[in-house]
Amino acid sequence: MDTPPITRLTKRSEFLACAQAPSCAKGAVVVQARARGDDDPAVRVGFTATKRIGGAVQRNRAKRRMREAARRVLPDHARPGHDYVLIARGGVITRPWDRLLDDVKTALVRLAADRPAPQIR
RNA sequence: UCAGACGGCCGGGCGGUCGCGGCCCUUCGGGGUCGAGGAAAGUCCGGGCUCCACGACGACAUGGCGGUGGGUAACGCCCACCGGGGGUGACCCCAGGGAUAGCGCCACAGAGAGCAGACCGCCCUUUUCCGCAAAGGCUUCGCAGGGCUCGCCCUCCGAAGCAGAGCGAAGGAGGGUAAGGGUGAAAGGGUGGGGUAAGAGCCCACCGGGCCGCUGGCGACAGGGGCCGCAUGGCAAGCCCCGCCAGGAGCAAGACCGAAUAGGGAUCCCGCGCGCUCGCAAGAGGGCAGGGCCGUCGCCGGCCCAGGGGUCCGGGUAGGUCGCGAGAACCGGCCGGCAACGGCCGGUCCAGAGGAAUGACCGCCGCGUCUCCGCAAGGAGGCGGCACAGAACCCGGCUUACAGGCCGUCUGAUCUC
(Lines give C-alpha, C1' and ligand atoms only; values in the text may rest on other atoms or scores of the structure.)
Protein backbone atom coordinates (compact mmCIF):
# COMPACT_ATOMS: atom_id res chain seq x y z
CA MET A 1 0.00 0.00 0.00
CA ASP A 2 1.24 3.44 -0.89
CA THR A 3 1.85 5.84 1.96
CA PRO A 4 -0.86 8.45 1.86
CA PRO A 5 0.23 12.05 1.06
CA ILE A 6 0.95 14.26 4.04
CA THR A 7 -0.24 17.85 3.83
CA ARG A 8 -0.44 20.75 6.23
CA LEU A 9 -3.39 22.16 8.07
CA THR A 10 -3.78 25.81 7.21
CA LYS A 11 -7.22 26.93 8.35
CA ARG A 12 -8.12 28.05 11.79
CA SER A 13 -11.37 26.05 11.60
CA GLU A 14 -9.38 22.86 10.98
CA PHE A 15 -7.30 23.47 14.08
CA LEU A 16 -10.40 24.13 16.11
CA ALA A 17 -11.94 20.86 14.94
CA CYS A 18 -8.89 18.96 16.13
CA ALA A 19 -9.01 20.71 19.49
CA GLN A 20 -12.10 18.64 20.31
CA ALA A 21 -10.39 15.39 19.34
CA PRO A 22 -8.63 12.90 21.63
CA SER A 23 -5.14 13.96 22.65
CA CYS A 24 -2.09 12.45 24.27
CA ALA A 25 0.60 14.37 26.13
CA LYS A 26 4.03 12.78 26.06
CA GLY A 27 7.29 14.40 26.98
CA ALA A 28 7.59 17.76 25.33
CA VAL A 29 4.60 17.54 22.99
CA VAL A 30 0.86 17.07 22.98
CA VAL A 31 -0.60 15.26 19.99
CA GLN A 32 -4.22 15.56 18.94
CA ALA A 33 -5.68 13.09 16.45
CA ARG A 34 -9.01 13.44 14.66
CA ALA A 35 -10.59 11.07 12.18
CA ARG A 36 -12.00 13.27 9.45
CA GLY A 37 -14.59 10.70 8.42
CA ASP A 38 -14.35 11.41 4.69
CA ASP A 39 -13.03 8.95 2.13
CA ASP A 40 -9.73 10.76 1.58
CA PRO A 41 -6.86 8.68 3.01
CA ALA A 42 -4.59 11.75 3.18
CA VAL A 43 -2.87 12.55 6.47
CA ARG A 44 -2.79 16.19 7.47
CA VAL A 45 -0.76 17.75 10.24
CA GLY A 46 -0.59 21.13 11.94
CA PHE A 47 1.69 22.64 14.57
CA THR A 48 0.93 24.95 17.44
CA ALA A 49 3.30 26.86 19.71
CA THR A 50 1.64 29.29 22.05
CA LYS A 51 3.15 32.35 23.61
CA ARG A 52 3.91 30.30 26.68
CA ILE A 53 6.81 28.80 24.75
CA GLY A 54 8.45 32.21 24.41
CA GLY A 55 9.02 34.88 21.82
CA ALA A 56 8.80 34.48 18.09
CA VAL A 57 12.25 32.93 17.86
CA GLN A 58 11.45 30.21 20.38
CA ARG A 59 8.06 29.52 18.84
CA ASN A 60 9.52 29.19 15.37
CA ARG A 61 12.22 26.85 16.61
CA ALA A 62 9.66 24.74 18.44
CA LYS A 63 7.54 24.38 15.28
CA ARG A 64 10.58 23.52 13.18
CA ARG A 65 11.64 20.75 15.50
CA MET A 66 8.13 19.37 15.68
CA ARG A 67 7.81 19.59 11.92
CA GLU A 68 11.02 17.69 11.41
CA ALA A 69 9.96 15.10 13.96
CA ALA A 70 6.59 14.69 12.22
CA ARG A 71 8.37 14.29 8.92
CA ARG A 72 10.35 11.38 10.36
CA VAL A 73 7.62 9.66 12.33
CA LEU A 74 4.28 10.24 10.62
CA PRO A 75 4.78 8.07 7.48
CA ASP A 76 5.19 4.99 9.67
CA HIS A 77 2.81 5.73 12.51
CA ALA A 78 -0.01 7.91 11.25
CA ARG A 79 -3.39 6.44 10.44
CA PRO A 80 -4.84 7.32 7.05
CA GLY A 81 -7.70 9.80 6.98
CA HIS A 82 -6.64 11.53 10.18
CA ASP A 83 -5.70 15.06 11.04
CA TYR A 84 -2.99 15.56 13.62
CA VAL A 85 -2.06 18.66 15.60
CA LEU A 86 1.21 18.82 17.52
CA ILE A 87 1.27 21.29 20.38
CA ALA A 88 4.58 22.39 21.85
CA ARG A 89 5.16 22.07 25.57
CA GLY A 90 7.82 23.60 27.75
CA GLY A 91 10.93 21.60 26.97
CA VAL A 92 10.48 21.13 23.26
CA ILE A 93 13.47 23.32 22.38
CA THR A 94 15.96 21.75 24.77
CA ARG A 95 14.70 18.16 24.51
CA PRO A 96 17.37 15.89 23.02
CA TRP A 97 16.45 15.06 19.46
CA ASP A 98 16.11 11.28 19.97
CA ARG A 99 13.87 11.79 22.96
CA LEU A 100 11.67 14.18 21.00
CA LEU A 101 11.24 11.58 18.26
CA ASP A 102 10.28 9.01 20.88
CA ASP A 103 7.75 11.39 22.37
CA VAL A 104 5.94 11.84 19.08
CA LYS A 105 6.12 8.16 18.17
CA THR A 106 4.75 6.83 21.43
CA ALA A 107 2.01 9.43 21.48
CA LEU A 108 0.91 8.39 18.00
CA VAL A 109 0.99 4.72 18.90
CA ARG A 110 -1.00 5.27 22.03
CA LEU A 111 -3.66 7.27 20.20
CA ALA A 112 -3.99 4.57 17.57
CA ALA A 113 -4.38 1.88 20.23
CA ASP A 114 -6.92 3.79 22.31
CA ARG A 115 -9.38 4.24 19.49
CA PRO A 116 -9.04 2.13 16.37
CA ALA A 117 -9.66 4.07 13.21
CA PRO A 118 -12.88 3.36 11.33
CA GLN A 119 -12.36 1.05 8.44
CA ILE A 120 -11.31 2.92 5.32
CA ARG A 121 -11.11 1.23 1.97
C1' U B 1 52.60 51.02 26.68
C1' C B 2 48.48 52.48 29.83
C1' A B 3 44.03 55.17 30.60
C1' G B 4 40.17 57.65 27.88
C1' A B 5 36.86 60.36 23.98
C1' C B 6 34.35 59.90 19.34
C1' G B 7 32.87 57.52 14.77
C1' G B 8 32.16 53.15 11.75
C1' C B 9 31.76 47.81 10.97
C1' C B 10 31.24 42.41 11.84
C1' G B 11 28.28 39.58 14.79
C1' G B 12 30.70 32.58 13.51
C1' G B 13 33.08 30.17 8.69
C1' C B 14 33.59 25.83 5.23
C1' G B 15 31.69 21.05 3.81
C1' G B 16 28.44 16.48 3.69
C1' U B 17 23.45 13.58 4.00
C1' C B 18 18.17 14.25 4.42
C1' G B 19 14.55 18.35 4.23
C1' C B 20 11.47 23.64 3.85
C1' G B 21 9.12 28.48 1.15
C1' G B 22 8.54 31.70 -3.49
C1' C B 23 9.48 31.96 -8.74
C1' C B 24 11.10 29.66 -13.45
C1' C B 25 11.88 25.25 -16.40
C1' U B 26 10.40 20.09 -16.84
C1' U B 27 10.84 14.32 -20.72
C1' C B 28 6.78 14.68 -14.24
C1' G B 29 11.94 11.41 -12.31
C1' G B 30 13.52 16.13 -11.20
C1' G B 31 16.50 20.59 -12.14
C1' G B 32 17.76 25.91 -11.64
C1' U B 33 17.55 30.29 -8.77
C1' C B 34 16.61 33.40 -4.62
C1' G B 35 15.32 33.09 0.62
C1' A B 36 15.41 37.37 7.66
C1' G B 37 17.82 41.87 10.94
C1' G B 38 20.97 45.76 12.75
C1' A B 39 17.84 46.09 15.41
C1' A B 40 13.16 42.32 11.50
C1' A B 41 11.75 44.23 18.37
C1' G B 42 8.99 48.38 21.19
C1' U B 43 4.87 50.46 18.05
C1' C B 44 7.04 56.20 20.18
C1' C B 45 7.09 60.11 15.98
C1' G B 46 6.95 61.40 10.46
C1' G B 47 5.30 59.97 5.49
C1' G B 48 3.48 56.90 1.17
C1' C B 49 -1.00 54.09 0.13
C1' U B 50 -6.53 53.15 1.08
C1' C B 51 -11.42 54.30 2.64
C1' C B 52 -14.67 57.83 5.19
C1' A B 53 -15.82 63.14 6.11
C1' C B 54 -15.35 67.96 3.86
C1' G B 55 -16.80 75.03 1.34
C1' A B 56 -10.40 74.59 -1.74
C1' C B 57 -11.73 79.02 3.98
C1' G B 58 -11.95 80.76 8.94
C1' A B 59 -12.81 80.41 14.23
C1' C B 60 -12.80 77.63 18.64
C1' A B 61 -11.39 73.37 21.33
C1' U B 62 -7.76 69.56 22.02
C1' G B 63 -2.94 67.54 21.27
C1' G B 64 2.08 68.21 19.89
C1' C B 65 6.53 71.06 18.97
C1' G B 66 9.94 75.33 20.87
C1' G B 67 17.92 78.87 20.29
C1' U B 68 19.40 80.06 14.85
C1' G B 69 20.33 78.57 9.86
C1' G B 70 20.28 74.48 6.71
C1' G B 71 18.92 69.14 4.99
C1' U B 72 14.47 66.32 3.85
C1' A B 73 8.54 63.89 0.98
C1' A B 74 8.01 64.93 6.14
C1' C B 75 9.35 64.76 11.24
C1' G B 76 9.53 65.34 17.71
C1' C B 77 14.95 63.12 12.98
C1' C B 78 19.89 64.65 11.00
C1' C B 79 23.93 68.43 10.12
C1' A B 80 26.41 73.03 11.11
C1' C B 81 26.51 77.11 14.22
C1' C B 82 25.09 80.18 18.72
C1' G B 83 24.33 80.54 24.08
C1' G B 84 24.75 78.14 28.99
C1' G B 85 26.99 74.16 32.10
C1' G B 86 30.87 70.16 33.02
C1' G B 87 35.87 68.11 32.03
C1' U B 88 43.45 69.03 32.38
C1' G B 89 41.89 67.51 27.41
C1' A B 90 39.78 64.78 23.12
C1' C B 91 34.80 65.77 24.01
C1' C B 92 30.08 65.50 26.64
C1' C B 93 25.27 67.48 28.57
C1' C B 94 20.90 71.20 28.04
C1' A B 95 12.14 70.67 27.81
C1' G B 96 17.45 76.26 25.27
C1' G B 97 10.56 81.15 23.34
C1' G B 98 8.06 84.67 27.06
C1' A B 99 8.53 85.84 34.43
C1' U B 100 7.25 94.84 33.70
C1' A B 101 0.08 90.30 30.15
C1' G B 102 -2.14 88.07 34.33
C1' C B 103 -3.10 84.29 38.21
C1' G B 104 -0.68 80.89 41.42
C1' C B 105 3.30 78.52 44.39
C1' C B 106 8.12 79.09 47.07
C1' A B 107 7.51 73.28 51.79
C1' C B 108 11.20 72.29 55.91
C1' A B 109 14.71 75.21 58.28
C1' G B 110 15.27 80.23 59.45
C1' A B 111 14.76 86.59 62.84
C1' G B 112 13.26 87.32 57.90
C1' A B 113 10.90 84.26 51.38
C1' G B 114 8.28 88.87 47.67
C1' C B 115 5.68 96.48 48.56
C1' A B 116 11.59 91.64 52.82
C1' G B 117 13.80 90.73 57.64
C1' A B 118 17.07 92.78 63.37
C1' C B 119 18.03 86.21 66.35
C1' C B 120 23.30 86.54 67.47
C1' G B 121 26.84 90.17 66.43
C1' C B 122 28.57 95.45 65.48
C1' C B 123 27.69 100.79 66.61
C1' C B 124 25.35 105.35 68.88
C1' U B 125 22.37 107.77 72.79
C1' U B 126 20.50 107.34 77.66
C1' U B 127 20.19 105.03 82.43
C1' U B 128 21.50 101.65 86.83
C1' C B 129 25.35 99.29 89.42
C1' C B 130 30.56 98.10 89.97
C1' G B 131 35.86 98.95 89.24
C1' C B 132 39.94 102.29 87.90
C1' A B 133 40.97 107.39 88.03
C1' A B 134 44.79 112.65 85.50
C1' A B 135 45.48 117.78 86.67
C1' G B 136 43.29 120.29 90.19
C1' G B 137 39.66 120.72 94.47
C1' C B 138 37.49 119.90 99.56
C1' U B 139 37.74 117.89 104.78
C1' U B 140 40.68 116.13 108.89
C1' C B 141 45.43 115.30 111.03
C1' G B 142 50.78 115.98 111.32
C1' C B 143 55.26 118.90 110.36
C1' A B 144 57.90 123.41 108.93
C1' G B 145 57.84 128.75 108.01
C1' G B 146 55.38 133.42 108.52
C1' G B 147 51.65 137.02 110.45
C1' C B 148 49.03 138.96 114.52
C1' U B 149 44.23 141.47 117.80
C1' C B 150 47.54 135.10 121.16
C1' G B 151 43.70 132.70 119.58
C1' C B 152 43.42 132.02 115.18
C1' C B 153 44.83 132.89 110.08
C1' C B 154 48.08 132.23 105.63
C1' U B 155 51.81 129.44 102.82
C1' C B 156 54.92 124.93 101.67
C1' C B 157 55.31 119.66 102.29
C1' G B 158 53.30 114.82 103.82
C1' A B 159 49.34 111.17 105.23
C1' A B 160 44.20 109.54 105.31
C1' G B 161 39.39 110.25 103.40
C1' C B 162 35.48 112.43 100.01
C1' A B 163 33.51 114.11 95.44
C1' G B 164 34.95 113.68 90.41
C1' A B 165 35.49 114.83 84.12
C1' G B 166 36.94 110.40 81.81
C1' C B 167 37.92 105.11 80.95
C1' G B 168 36.42 99.91 81.47
C1' A B 169 32.87 95.78 82.53
C1' A B 170 27.77 94.02 83.18
C1' G B 171 22.47 94.94 82.79
C1' G B 172 17.88 97.87 81.16
C1' A B 173 15.51 101.30 77.54
C1' G B 174 15.52 103.79 72.68
C1' G B 175 17.71 103.87 67.96
C1' G B 176 21.25 102.81 63.73
C1' U B 177 23.32 98.87 60.69
C1' A B 178 22.01 93.83 55.76
C1' A B 179 29.54 93.98 56.34
C1' G B 180 29.89 89.11 59.50
C1' G B 181 27.60 84.41 62.05
C1' G B 182 23.72 81.06 61.49
C1' U B 183 19.19 78.82 58.16
C1' G B 184 18.03 77.63 53.30
C1' A B 185 17.47 75.45 46.61
C1' A B 186 17.30 80.76 46.88
C1' A B 187 18.73 86.17 51.82
C1' G B 188 17.41 92.13 47.28
C1' G B 189 24.54 92.00 42.38
C1' G B 190 30.27 90.14 43.23
C1' U B 191 35.58 91.32 44.64
C1' G B 192 38.86 95.00 46.46
C1' G B 193 39.55 99.92 48.31
C1' G B 194 37.80 104.48 50.38
C1' G B 195 34.37 106.03 53.81
C1' U B 196 31.63 105.68 58.47
C1' A B 197 29.77 105.65 65.27
C1' A B 198 29.08 100.93 62.95
C1' G B 199 27.61 100.14 58.19
C1' A B 200 25.47 100.52 53.39
C1' G B 201 26.49 101.70 45.39
C1' C B 202 27.18 106.08 50.35
C1' C B 203 31.69 106.92 46.86
C1' C B 204 35.58 104.68 43.44
C1' A B 205 38.00 100.66 40.22
C1' C B 206 37.13 96.06 37.81
C1' C B 207 33.45 92.27 36.81
C1' G B 208 28.04 91.60 36.30
C1' G B 209 23.23 94.06 34.82
C1' G B 210 19.75 97.58 32.23
C1' C B 211 18.95 101.21 28.23
C1' C B 212 20.62 103.56 23.49
C1' G B 213 23.57 103.97 19.06
C1' C B 214 27.85 101.70 16.12
C1' U B 215 30.53 97.52 13.70
C1' G B 216 30.47 92.26 12.00
C1' G B 217 27.10 88.12 10.88
C1' C B 218 21.38 85.53 6.52
C1' G B 219 20.46 84.66 11.75
C1' A B 220 20.78 82.93 16.91
C1' C B 221 24.46 86.26 18.59
C1' A B 222 29.39 88.52 19.18
C1' G B 223 32.69 92.83 19.75
C1' G B 224 33.32 97.61 21.22
C1' G B 225 31.29 102.71 22.76
C1' G B 226 28.11 106.02 25.60
C1' C B 227 24.63 106.64 29.52
C1' C B 228 22.31 104.73 34.21
C1' G B 229 24.77 103.11 40.81
C1' C B 230 21.39 99.72 39.25
C1' A B 231 15.77 96.76 45.37
C1' U B 232 11.88 94.43 42.43
C1' G B 233 14.47 86.65 42.73
C1' G B 234 13.04 81.50 41.25
C1' C B 235 9.32 78.00 39.20
C1' A B 236 6.33 78.38 32.58
C1' A B 237 7.92 69.46 33.20
C1' G B 238 1.44 74.83 37.79
C1' C B 239 -2.12 77.49 34.82
C1' C B 240 -1.01 80.72 31.07
C1' C B 241 0.81 84.01 26.73
C1' C B 242 3.30 83.92 21.83
C1' G B 243 4.77 81.40 17.29
C1' C B 244 4.44 76.97 14.28
C1' C B 245 2.08 72.05 12.96
C1' A B 246 -2.13 68.71 12.96
C1' G B 247 -9.85 66.26 9.66
C1' G B 248 -10.69 60.80 11.14
C1' A B 249 -9.57 55.74 10.81
C1' G B 250 -6.21 52.14 9.42
C1' C B 251 -3.74 46.46 4.89
C1' A B 252 -8.54 42.90 9.88
C1' A B 253 -7.43 49.74 5.04
C1' G B 254 -9.70 48.79 0.53
C1' A B 255 -11.08 46.48 -4.55
C1' C B 256 -12.86 42.19 -7.23
C1' C B 257 -14.83 36.99 -7.76
C1' G B 258 -18.07 34.11 -4.96
C1' A B 259 -19.97 27.63 -3.45
C1' A B 260 -23.40 25.02 -0.30
C1' U B 261 -27.49 26.32 2.87
C1' A B 262 -31.21 29.76 4.56
C1' G B 263 -33.66 34.50 3.72
C1' G B 264 -35.17 38.87 0.00
C1' G B 265 -37.06 40.67 -4.97
C1' A B 266 -38.97 40.03 -10.12
C1' U B 267 -41.20 36.86 -13.62
C1' C B 268 -43.30 32.27 -15.82
C1' C B 269 -46.03 27.42 -15.30
C1' C B 270 -49.33 24.22 -12.36
C1' G B 271 -52.52 24.55 -8.13
C1' C B 272 -54.99 27.79 -4.91
C1' G B 273 -62.58 24.38 -4.52
C1' C B 274 -66.34 22.95 -0.76
C1' G B 275 -68.03 22.33 4.01
C1' C B 276 -67.14 20.59 9.60
C1' U B 277 -64.87 20.69 14.77
C1' C B 278 -61.75 23.33 18.52
C1' G B 279 -59.89 28.38 19.52
C1' C B 280 -60.91 35.55 21.34
C1' A B 281 -57.30 35.31 17.44
C1' A B 282 -53.07 33.45 14.95
C1' G B 283 -53.77 28.68 13.93
C1' A B 284 -54.69 23.31 14.60
C1' G B 285 -57.40 18.77 13.32
C1' G B 286 -59.43 15.58 10.11
C1' G B 287 -63.43 14.72 5.55
C1' C B 288 -64.58 15.10 0.17
C1' A B 289 -62.23 17.03 -4.26
C1' G B 290 -57.07 18.27 -6.45
C1' G B 291 -51.65 17.49 -7.20
C1' G B 292 -47.10 14.41 -6.39
C1' C B 293 -44.72 9.63 -5.17
C1' C B 294 -45.03 4.13 -4.46
C1' G B 295 -47.26 -0.75 -5.18
C1' U B 296 -49.57 -2.92 -11.10
C1' C B 297 -51.66 1.92 -16.27
C1' G B 298 -56.65 2.38 -14.18
C1' C B 299 -60.27 1.03 -10.02
C1' C B 300 -58.44 0.71 -5.21
C1' G B 301 -54.83 1.25 -1.14
C1' G B 302 -50.68 3.80 1.48
C1' C B 303 -47.75 8.25 2.25
C1' C B 304 -47.05 13.51 1.43
C1' C B 305 -48.96 18.77 0.18
C1' A B 306 -52.06 23.89 1.14
C1' G B 307 -48.83 25.47 -2.18
C1' G B 308 -45.20 23.33 -5.67
C1' G B 309 -41.68 23.94 -9.66
C1' G B 310 -38.53 26.73 -13.26
C1' U B 311 -35.67 31.12 -14.75
C1' C B 312 -33.44 35.69 -13.51
C1' C B 313 -31.73 39.69 -10.16
C1' G B 314 -29.67 41.61 -5.64
C1' G B 315 -27.39 41.53 -0.68
C1' G B 316 -24.03 38.35 1.56
C1' U B 317 -21.07 33.91 4.55
C1' A B 318 -17.03 30.20 4.01
C1' G B 319 -13.34 30.52 0.60
C1' G B 320 -10.38 32.67 -3.38
C1' U B 321 -7.79 36.72 -6.22
C1' C B 322 -5.70 41.50 -6.01
C1' G B 323 -3.63 45.21 -2.83
C1' C B 324 2.02 42.84 -2.39
C1' G B 325 7.15 44.99 -3.50
C1' A B 326 11.69 48.40 -9.35
C1' G B 327 12.06 51.85 -5.06
C1' A B 328 12.14 58.81 -1.15
C1' A B 329 15.97 51.10 -3.40
C1' C B 330 21.12 49.15 -3.30
C1' C B 331 26.46 49.18 -5.17
C1' G B 332 30.51 51.95 -7.55
C1' G B 333 32.55 56.48 -9.65
C1' C B 334 32.62 61.80 -10.43
C1' C B 335 30.88 66.71 -9.07
C1' G B 336 28.78 70.55 -5.40
C1' G B 337 28.61 71.31 -0.03
C1' C B 338 32.42 72.17 6.52
C1' A B 339 28.46 68.60 7.05
C1' A B 340 23.56 66.47 7.00
C1' C B 341 22.58 65.89 1.99
C1' G B 342 21.94 66.77 -3.23
C1' G B 343 23.04 66.13 -8.62
C1' C B 344 24.94 63.27 -12.79
C1' C B 345 26.83 58.66 -14.97
C1' G B 346 27.31 53.33 -14.90
C1' G B 347 25.74 48.75 -12.82
C1' U B 348 22.33 45.30 -9.95
C1' C B 349 17.21 43.01 -9.06
C1' C B 350 17.27 41.91 -3.67
C1' A B 351 12.58 37.44 0.79
C1' G B 352 7.56 37.53 0.70
C1' A B 353 2.92 34.94 3.44
C1' G B 354 -0.58 31.64 3.84
C1' G B 355 -1.57 28.82 10.85
C1' A B 356 3.39 32.16 8.84
C1' A B 357 9.54 29.11 4.66
C1' U B 358 16.33 28.66 7.15
C1' G B 359 15.51 22.89 10.24
C1' A B 360 17.57 17.70 11.82
C1' C B 361 22.10 14.91 12.16
C1' C B 362 27.40 15.02 11.42
C1' G B 363 32.81 16.45 10.27
C1' C B 364 36.69 20.27 10.29
C1' C B 365 38.11 25.20 11.73
C1' G B 366 37.55 29.82 14.84
C1' C B 367 36.38 32.02 19.69
C1' G B 368 35.22 31.33 24.98
C1' U B 369 35.51 28.48 29.35
C1' C B 370 36.86 24.24 32.53
C1' U B 371 40.08 20.01 33.70
C1' C B 372 44.69 17.45 33.06
C1' C B 373 50.03 17.15 31.34
C1' G B 374 54.30 20.51 30.88
C1' C B 375 59.59 24.87 33.84
C1' A B 376 57.92 27.14 29.35
C1' A B 377 56.42 27.37 24.33
C1' G B 378 52.58 24.33 23.88
C1' G B 379 49.60 19.77 23.91
C1' A B 380 45.24 16.48 25.14
C1' G B 381 40.24 16.14 26.56
C1' G B 382 35.16 17.87 28.16
C1' C B 383 31.13 21.61 27.34
C1' G B 384 23.04 20.16 26.88
C1' G B 385 29.23 26.89 25.68
C1' C B 386 29.10 30.92 21.29
C1' A B 387 24.72 37.41 22.08
C1' C B 388 20.06 40.15 21.33
C1' A B 389 16.67 38.25 18.52
C1' G B 390 12.45 36.06 13.22
C1' A B 391 10.12 40.33 8.04
C1' A B 392 3.82 40.04 7.94
C1' C B 393 1.50 46.72 3.41
C1' C B 394 5.97 49.65 2.57
C1' C B 395 9.57 53.55 3.62
C1' G B 396 12.40 57.65 6.90
C1' G B 397 13.69 58.21 12.06
C1' C B 398 13.83 57.51 17.40
C1' U B 399 14.16 54.28 21.55
C1' U B 400 15.39 49.76 23.74
C1' A B 401 18.26 44.72 23.72
C1' C B 402 23.05 42.61 22.37
C1' A B 403 28.30 37.15 23.98
C1' G B 404 32.47 38.40 21.60
C1' G B 405 35.51 40.99 18.15
C1' C B 406 37.68 44.43 14.34
C1' C B 407 39.03 49.27 12.12
C1' G B 408 39.86 54.55 12.04
C1' U B 409 40.50 59.59 14.14
C1' C B 410 41.70 62.18 18.44
C1' U B 411 43.10 63.37 23.90
C1' G B 412 45.95 62.89 28.55
C1' A B 413 49.92 60.49 30.91
C1' U B 414 54.42 57.51 30.59
C1' C B 415 58.85 55.23 28.17
C1' U B 416 62.75 55.35 24.23
C1' C B 417 65.38 58.33 20.66
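**View 1. Helix α2 gives the surface near RNA strand B its largest share, 10 residues.** This is a predicted model: local features need pLDDT of at least 70 and side-chain atom pairs count only at pLDDT 80 or more, while totals for chains, interfaces and linings use all residues. Residues are numbered from 1 along each chain as its sequence is written, chains are lettered from A and ligands numbered from 1 in the order in which they are written, and side-chain values use heavy atoms, with hydrogens and water left out. A residue is near a molecule or strand if one of its heavy atoms lies within 4 Å of it. Around RNA strand B there are 22 residues, of which R8, T48, R67, T94 and P96 come nearest.

View 2. Helices (H or I, at least four residues) and strands (E, at least two) are DSSP runs, numbered from the N terminus. Of the RNA atoms within 4 Å of the protein, 63% belong to sugar or phosphate and the rest to bases.

**View 3. Strand β5 pairs with β3 and with β4.** Two strands pair if DSSP finds at least two bridges between them. β3 and β5 are antiparallel, over seven bridges. β4 and β5 run parallel, joined by five bridges. A33 stands opposite Y84 in β5. R44 stands opposite D83 in β5. Six of the seven residues of β5 are buried. Buried means under 20% relative accessible area, exposed over 50%, and partly exposed in between (1.4 Å probe, protein chains only).

**View 4. The largest nonpolar core has 26 residues.** Such a core is a set of buried Ala, Val, Leu, Ile, Met, Phe, Trp, Tyr and Cys residues joined through side-chain atoms within 4.5 Å. V31, Y84, L86 and V92 touch the most other members. At least two residues each come from β3 (29-35), β4, α2, β5 (82-88) and α3 (97-114). Contact means heavy atoms within 4.5 Å. Beyond its neighbours within four places in sequence, L86 is in contact with residues including V30, V31, V45, M66, A70 and V104.

**View 5. Q32 sits in strand β3.** Q32 is buried, at 10% relative accessible area. Leaving aside neighbours within four places in sequence, its contacts include C18, A19, P22, D83 and Y84.

**View 6. P75 is found in helix α2.** P75 counts as partly exposed, with 37% relative accessibility. Its C-alpha atom is 8.1 Å from that of I6, 69 residues apart along the chain.

**View 7. Chain A has three helices and five strands.** Their order from the N terminus is β-α-β-β-β-α-β-α. Of its 121 residues, 37% count as buried.
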